[in-house]
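Subject: Structure handover

Hello,

Please find the structure below. My notes on it follow.

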Amino acid sequence: MLNTQALAGAQYRESNIEAFEELVRTYDQKLYRVALRLTGNADEAKDLAQEALFRAYRSFDKFKIGTSFEKWLFRIASNLYIDKLRKHGKYRFESLDEPIATKDGYIEKTLPDWTGNPEEIVEQNELSEKIQAALQSLPINYRMAVVLYDLEGFSYEEISGILDCSIGTVRSRIHRGRRLLRKKLAPYVYQETEVGVG
Amino acid sequence: MTCEKVRSLLSAYIDSELDYQELRQVELHLLDCTYCQEECRSLRATKDLLGMLESPQLPREFWPELKERINSHSVSEFYRRLLVRVLVPACALLALAILPIALSSNTGASKGLTEAKTDLVEPYIREYVISELDRPFSDKTSLGFVATAQAVTMYSSDLLEPYGHPTPHKGVTPSGQTGRKTQIDAFKRVMFLSPK
């Protein structure tokens with residue numbers, strides 16, 4: 001359990017970056033994952049997660065001691081993402097392995113090295129891309145709810161706190177989001193269902 | 001419970017987020033309705049599919065970049081606070097302390113400046129303007145440009161002499177409203193009027 005009380009003390013207020021880092025280290029990976037699933041782009045995800053942590057650091061004074069730091073942090077991130085979407089219109093979708101165009105030609109992005117046979121890797125890559133593309137196609141409210149629940153395991157109640165809406169709304173967003181995803185990923189979904197039934 | 005109502009609750013049912021009453025009703029309905037069973041199965045498969053996404057690793061440069069940003073923010077924040085809390089009040093106090101002294105010595109300062117200006121005017125300008133004014137067809141406008149406002153102001157006493165005006169103390173411009181009026185009149189004379 002994090003001692004947020006102690007961190008909110010004088011030591012933290014003297015811009016103790018180490019203490020802040022220690023506090024958020026538990027969440028940085030999770031935050032980056034959510035950012036990546038929301039944006040669909042590694043660079044934007046890094047920017048979003050860094051910006052969220054920077055804002056959390058800057059406005060730590062506003063954090064209410066005794067409440068969930070995790071919820072507070074993810075609320076900052078989700079608000080930040082919505083603000084960016086409003087400001088720049090829609091985030092463009094970029095494939096995770098799409099080459100980056102530079103003045104000297106194209107640079108290939110490197111993907112994580114999955115162990116397993118090449119066919120499995122190709123299939124896994126393809127499936128990941130399809131799922132990510134399907135997620136990207138969801139309206140932002142559905143996408144956030146689905147990502148927070150299905151990928152990061154927040155409860156409906158926590159999501160309602162993060163997204164500042166009722167539990168009923170969270171329930172509805174997750175359900176609608178899943179139905180849309182099912183439609184987009186139909187071949188994989190029904191393949192899975194058949195395997196499950198068989 | 002109708003199929004439509006049950007279908008709207010299926011995701012929450014899969015996630016175990018229904019209350020006891022709703023859970024019972026959904027379970028009872030699913031016992032008999034194959035359509036809703038299939039719906040439930042496909043939604044569960046969709047959820048499971050999402051779980052197959054790879055978990056990305058945090059980029060190596062993530063924390064070094066963030067720390068650098070926080071550090072630079074802390075430094076700029078330090079200077080901002082220094083400015084707001086120390087320098088601005090200090091300047092305000094200093095200004096408050098200096099203002100009465102400056103106001104009390106205002107007349108003396110102005111006088112000193114006027115005297116200093118006298119030294120800056122080239123003597124040949126004065127000589128040239130005076131000599132040209134005596135000539136019958138001299139161009140007064142052109143002379144007005146040559147003898148700049150400053151030159152005329154500084155040497156108003158000299159310029160007024162040929163026209164029979166009373167001579168103030170040489171080299172010192174009379175201060176105050178009356179002095180300024182005299183300077184303007186002298187300037188107009190040089191520029192536009194013939195000698196008496």
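How many helices and how many strands are there in chain B? Chain B has 10 helices and 0 strands, where helices (H or I, at least four residues) and strands (E, at least two) are DSSP runs numbered from the N terminus. In order from the N terminus, its elements read α-α-α-α-α-α-α-α-α-α.

Before the rest, some conventions. This is a predicted model, in which local features need pLDDT of at least 70 and side-chain atom pairs count only at pLDDT 80 or more, while totals for chains, interfaces and linings use all residues. Residues are numbered from 1 along each chain as its sequence is written, and chains are lettered from A and ligands numbered from 1 in the order in which they are written.

Chain B

Of the 196 residues in chain B, 17% are buried (20 or more other C-beta atoms within 10 Å of the residue's own, C-beta atoms being placed from the backbone). Taking contacts in chain B between residues at least 6 apart in sequence, 64% join residues at least 24 apart; two residues are in contact if their C-beta atoms, placed from the backbone, lie within 7 Å.

One helix pair in chain B is worth a look. The axes of H1(B) (residues 3-14) and H2(B) (residues 20-32) come within 10 Å and cross at roughly 115°; axes are lines fitted to C-alpha atoms, for helices over the stretch in contact, and angles run from 0 to 180 degrees between N-to-C directions. H1(B) is therefore roughly perpendicular to H2(B) (65 to 115 degrees). On the H1(B) side, Val6(B), Leu9(B) and Tyr13(B) meet Glu22(B), Leu23(B), Val26(B) and His29(B) of H2(B).

Between the chains

In chain A, 34 residues are in contact with 31 residues of chain B. Helices that each supply at least two residues to this side of chain A include H3 (17-39), H6 (118-137) and H9 (167-184).

Nonpolar cores

A nonpolar core is a set of buried Ala, Val, Leu, Ile, Met, Phe, Trp, Tyr and Cys residues joined through C-beta atoms within 7 Å. The largest one has 47 residues, and Ala35(A), Ala77(A) and Ala145(A) have the most contacts inside it. H3(A) gives the largest share of this core, 9 residues. A second, separate core of 9 residues includes Leu9(B), Leu10(B), Ala12(B) and Tyr13(B). Leaving out residues up to four places away in sequence, Ala145(A) touches Ile159(A), Leu163(A), Val170(A), Arg173(A), Ile174(A) and Gly177(A).

Regards

Key:
Parallel < 35°, antiparallel > 145°, perpendicular 65-115°, else oblique. Buried ≥ 20, exposed ≤ 12 C-beta atoms within 10 Å, placed from the backbone.
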